[in-house]
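This report concerns a model of two protein chains. The sequence and the coordinates are shown first.

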Amino acid sequence: MSAPTTAATEQNPLRAAIRPREQPRRPGPVANALTFGWRALLKIKHVPEQLFDVTLTPIIFTLMFTYLFGGAIAGDVSTYLQFLLPGILVQTVLLITVYTGFTMNTDITKGVFDRFRSLPVWRPAPIVGALLGDSVRYTIASAITLGLGFAIGFRADGGLVGVVLAVLLLLVFAFAISWIFTALGLVMRSPNAVMGTSMIVLMPLTFASNIFADPATMPGWLRAWVEVNPVSHLVTAVRGLMGGTATFGDVAWVLIAAAVITAVAAPITMRLYRTRS
Amino acid sequence: MSDLAIEAHGLVKHFKTTKAVDGVDLAVPAGTVYGVLGPNGAGKTTTVRMLATLLRPDAGQARVLGHDVVAHAQEVRGLIGLTGQYASVDEDLSGNENLILIARLYGYSRAAARSRAAELLHAFDLDEAAGRQVKTFSGGMRRRIDLAASMVTSPRVLFLDEPTTGLDPRSRNHVWDIVRVLVDDGATVLLTTQYLEEADQLAERIAVIDHGKVIAEGTATQLKASVGTAAVHLRVGDPAQRPTAAQVMAQVLAAEVDLGADTTTLSARVDSARAAATLLPTLLDQGVDVAEVSLGQPSLDEVFLALTGRPAEDDTPTEEVA
């Protein structure tokens, strides 16, 4: 092993490495975002523990809610599973979206984000790339939920196409609301604060919805909320696509909601990102 | 006459009610190391963050290689490298992956990014750690991978924010060697530090910054001349002899003598080691029992004391000294 000073006396590798060189052409926004997406995948490779939530949450939720409430809510387990599974799929993926903000805040606290901000890259690239990487996790969680659902008796009358479209619609919506959590990730002081706040936002959105029970059984004030809750609309559309009964209106509502959320939250996130001190 | 690589005029940044940076002017000649010296909380990091486009100044302006850091931030980002505790690499990834990531972001092809990463890992003595997650790196390796990450495109201007804070002397020397090579090769380095010795070792010019203001600027020699080149620290065997020793010191060195907290110590600034050399025989002639004598560089505290009339603080809760 060479002593530290010899690095300076021989100098050749260092000198050669830092010599001015021709700069490559700046890549476009898509290439930048994909590079950050690659980073997210590398992190999954190095820290596979982060997939525990993604794999265990859907298993626990599906089994627990199906067998715990199935008999009581729908009379029998298999009828309830038919109703519940699309909703559980939605809830599972939406709960995982909070990690987007958590990861972003971790990057900020560790100083990685400032390195990225000091690079001449497309400004939204680190965030868009992180969201792209997250969609891999959403897909894994969806596959596990669906696989388990089919194994315990769920039947999708919408066929494979219906199921794939349902998952895609869910990913679009998850991508949109992730912008809200990235904004929180930029504002809050610690990763855990982001986690806590995001859960407070998500609980009423997922539980006070039509995921677990028919809103017709709910008191008027709650039903009023459930009916405007975008998550309910998403669940209706996902259920419809999987069951082969989706209307154009159901799906369009979700796509418009996703577009509106992105149009509002993405610029706020980007502004926070640019001006963050 | 040389071109300025970095220039700042009246930079101001407030955080809530505190003025973190309160009108900083800097002029850094191209191809030199410029030291920004000051205690924690003096505004060094905030200044660097503004120059590196991470923070928007509230007032004033700055240019890097002629580009305004606000109006042409993206051009500036293409020309600089930044290393600091807040501009780090991804701990979860390996050293190699971090460098490839950055090279890809700059537009290197997959193959070019891979060979550039290998070249840098070798240059920064990190070959063996290439495949390891950065979180397993030692402090010195960590700082070297941070430096390597800032040099992917061989930028001509580098901001090194406290590059050696927390490093052991050996790793510190290694970082110093790297900085010397960089500047030897024509790059411009703006370096912040809390250590006068570091600024002295590396920087051609030094700005001393305190409470968000530049309170002194010049070459290391000029700066130290204003403080006295060195300080003599003396310990006498018997506390009763301290007054005699103080008298001798004051006479021989023609300097003010500081009495230490310990009843046997005293110190004084000297302009040259020669003056200090004559002190010892005189003390012995006077029958003073000298237990210990040392000659040292003025510390940052002493520089501050000389420049501001008060010791350097670790934080800045007090009001501005006019």
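The text below treats confidence, each chain, the contact between the chains, and selected local features.

**Confidence in chain A**

The model is predicted, and its confidence values should be read alongside the description. Chain A has a mean pLDDT of 88, with 96% of its residues at 70 or more. Within chain A, the lowest confidence falls in helix α1 (residues 6-10) of chain A, where the mean is 47. The highest falls in helix α12 (residues 230-243) of chain A, at 95. Over residues 1-10 of chain A, pLDDT stays under 50, and the model has 14 contacts beyond four places in sequence for this stretch.

**The annotated span of chain A**

For chain A, an unreviewed UniProt entry lists residues 49-276 as "domain: ABC transmembrane type-2". In the model, residues 49-276 of chain A are 82% helix and 0% strand.

**Overall organisation of chain B**

Chain B contains eleven helices and 14 strands. Its C-alpha trace spans about 75 × 45 × 40 Å along the principal axes. Of the 322 residues in chain B, 47% are buried. Among the contacts in chain B with a separation of 6 or more, 67% are between residues 24 or more positions apart. The domain assignment divides chain B into domain 1 (4-225) and domain 2 (230-296). The C-alpha centres of domain 1 of chain B and domain 2 of chain B are 41 Å apart.

**Contact between the chains**

In the model, 37 residues of chain A are in contact with 46 residues of chain B. On the side of chain A that touches chain B, the elements giving two or more residues are α1, α2 (12-17), α3 (29-46) and α7 (112-117) of chain A. Of these, α3(A) gives the most, with six residues. By class, this side of chain A has 16 nonpolar, ten polar and eleven charged residues.

**Strand pairing in chain B**

Strand β4 (residues 59-64) of chain B pairs with strand β1 (residues 4-15) of chain B. Five bridges join these two strands, which run antiparallel. In this pairing, B:Val12 stands opposite B:Ala59 in β4(B). β4(B) is also joined to strand β5 (residues 67-68) of chain B by two bridges, again in an antiparallel arrangement. Here B:Arg63 stands opposite B:Asp68 in β5(B). β4(B) and β5(B) form a hairpin with two residues between them. In the turn, B:Leu65 has a positive phi of about 45°.

| Residue | Phi |
|---|---|
| B:Thr53 | about 70° |
| B:Asp125 | near 65° |

B:Thr53 lies in the loop between α1 (44-51) and β4 of chain B. B:Asp125 lies in the loop between α4 (110-123) and α5 (139-150) of chain B.

Notes:
Residues are numbered from 1 along each chain as its sequence is written. Chains are lettered from A and ligands numbered from 1 in the order in which they are written. This is a predicted model: local features need pLDDT of at least 70, side-chain atom pairs count only at pLDDT 80 or more; totals for chains, interfaces and linings use all residues. Helices (H or I, at least four residues) and strands (E, at least two) are DSSP runs, numbered from the N terminus. A residue is buried if 20 or more other C-beta atoms lie within 10 Å of its own, exposed if 12 or fewer, and partly exposed in between; C-beta atoms are placed from the backbone. Two residues are in contact if their C-beta atoms, placed from the backbone, lie within 7 Å. UniProt positions are given in the numbering used here, feature names are shortened, and annotations may be inferred rather than shown by experiment. Domain bounds come from an automatic or database domain assignment. pLDDT is the predictor's confidence in each residue, from 0 to 100. Ala, Val, Leu, Ile, Met, Phe, Trp, Tyr, Cys and Pro count as nonpolar, Asp, Glu, Lys and Arg as charged, and the others, Gly among them, as polar. Two strands pair if DSSP finds at least two bridges between them.
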